[in-house]
Amino acid sequence: MERRKLLLALAAAPLAFTRICAHAQAKTMKDIDALQKNWKNFLPAGATVPSASEPLKLSKDEWKKRLPPQSYNVLREEGTERAGTSPLNDEKRAGIYACAGCGLPVFTSEMKFESGTGWPSFFTTIPGAFDMKKDFYLIYPRTEYHCKRCGGHHGHVFDDGPPPTNQRWCNNGVSLKFIPKDSKV
Ligand SMILES: [Zn+2]
């Protein structure tokens, strides 16, 4: 009987250990799922936003007219803004980060973290916001991501972000437009 109790205790030990570890992390994958599912809670009351199912296709000239030069360079020509230049690095308010090209919501304020890189950084995204592609501008391949609705370039995703996603979505600030949750629409 004693031996049986001991075996049961041993069998239960790894489970208890896993639970403690999961608890010690800032966020679990369950929290990430909830953040992704509930992103609309970060929209201002009454706000309407476009969806990826209504693609926005414009000519080069139309984009040039619509966007400030720096946003045009990053979104339409895959440029990169200088590190540390975006006011969004210090943005701490609750709200939605939308694509500066077409207004598609791509991140919420709860998905942002301080990466110390000088670019706004996020550990996950609003589901279905981006398409991915590998680029070889540097010697090693990087995963570039662009807006699902307008095709605008936003940044690159790396695997050195915080747990549990370990993702770092390194985004150009000029590709984003911040919509505070408490703004009037
Ligand atoms: Zn867009």
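Mentor: Let's start with a definition: two strands pair if DSSP finds at least two bridges between them. Strands are DSSP runs of E with at least two residues, helices are runs of H or I with at least four, and both are numbered from the N terminus. What you have above is a predicted model, where local features need pLDDT of at least 70, side-chain atom pairs count only at pLDDT 80 or more, and totals for chains, interfaces and linings use all residues. Residues are numbered from 1 along each chain as its sequence is written, and side-chain values use heavy atoms, with hydrogens and water left out.

Trainee: In what sense do β1 and strand β9 pair?

Mentor: Antiparallel as well, over five bridges, with β9 covering residues 176-180.

Trainee: How many of the residues of β1 are buried?

Mentor: Buried means under 20% relative accessible area, exposed means over 50%, and partly exposed is in between (1.4 Å probe, protein chains only). By that rule five of the five residues in β1 are buried, so the strand is mostly covered.

Trainee: Now the metal. Which residues coordinate the zinc ion?

Mentor: Donors are N, O and S atoms within 2.8 Å of the metal (3.2 Å for Na, K and Ca), and since water is not among the atoms, sites may look incomplete. Here the SG atoms of Cys99, Cys102, Cys147 and Cys150 sit at 2.3 to 2.4 Å from the zinc ion. Their spacing along the sequence reads C-x2-C-x44-C-x2-C. Cysteine 102 is in the loop between β1 (95-99) and β2 (105-108), while cysteine 147 is in strand β6 (residues 142-147), so this pair ties together parts 45 residues apart in sequence. Cysteine 102 and cysteine 147 are both buried.

Trainee: Why is the arrangement around the zinc ion called tetrahedral?

Mentor: Four donors count as tetrahedral if all angles lie between 85 and 135 degrees; four count as square planar and six as octahedral if opposite donors are over 155 degrees apart and all others between 65 and 115; anything else is irregular. The four donor atoms here subtend angles of 100 to 114°, so the tetrahedral label applies.

Trainee: How many salt bridges does a search of the whole structure find?

Mentor: Five. The rule wants a side-chain nitrogen of Lys or Arg within 4 Å of a carboxyl oxygen of Asp or Glu. Take glutamate 91 and arginine 93, which meet at 2.8 Å, N to O. Glutamate 91 is buried at 14% relative accessibility, whereas arginine 93 is partly exposed at 45%. Another is arginine 168 with aspartate 160, at 2.7 Å; arginine 168 is buried, with a relative accessible area of 12%.

Trainee: And which residue forms a salt bridge with lysine 133?

Mentor: Glutamate 144, with the closest N and O atoms 3.6 Å apart. Glutamate 144 belongs to strand β6 and lysine 133 to strand β5 (residues 130-135), so the bridge ties together parts 11 residues apart in sequence. Glutamate 144 is buried at 0% relative accessibility, but lysine 133 is partly exposed at 37%. Glu78, Lys133 and Glu144 are linked in a network of salt bridges.

Trainee: Last one: how many aromatic pairs does the count come to?

Mentor: Rings of Phe, Tyr and Trp (its six-membered ring) pair if their centres lie within 6.5 Å; planes under 30 degrees apart are stacked, over 60 edge-to-face, and the rest tilted. The count comes to eight aromatic pairs. Tyrosine 97 and phenylalanine 122 have ring centres 5.2 Å apart and planes at 70°, so they are edge-to-face. That pair links tyrosine 97 in strand β1 with phenylalanine 122 in strand β4 (residues 121-122), 25 residues apart. With phenylalanine 178, tyrosine 97 has a centre distance of 4.7 Å and planes at 45°, so that pair is tilted. Ring pairs link Tyr97, Phe107, Phe122, Phe130, Tyr145, Trp169 and Phe178 into a cluster.
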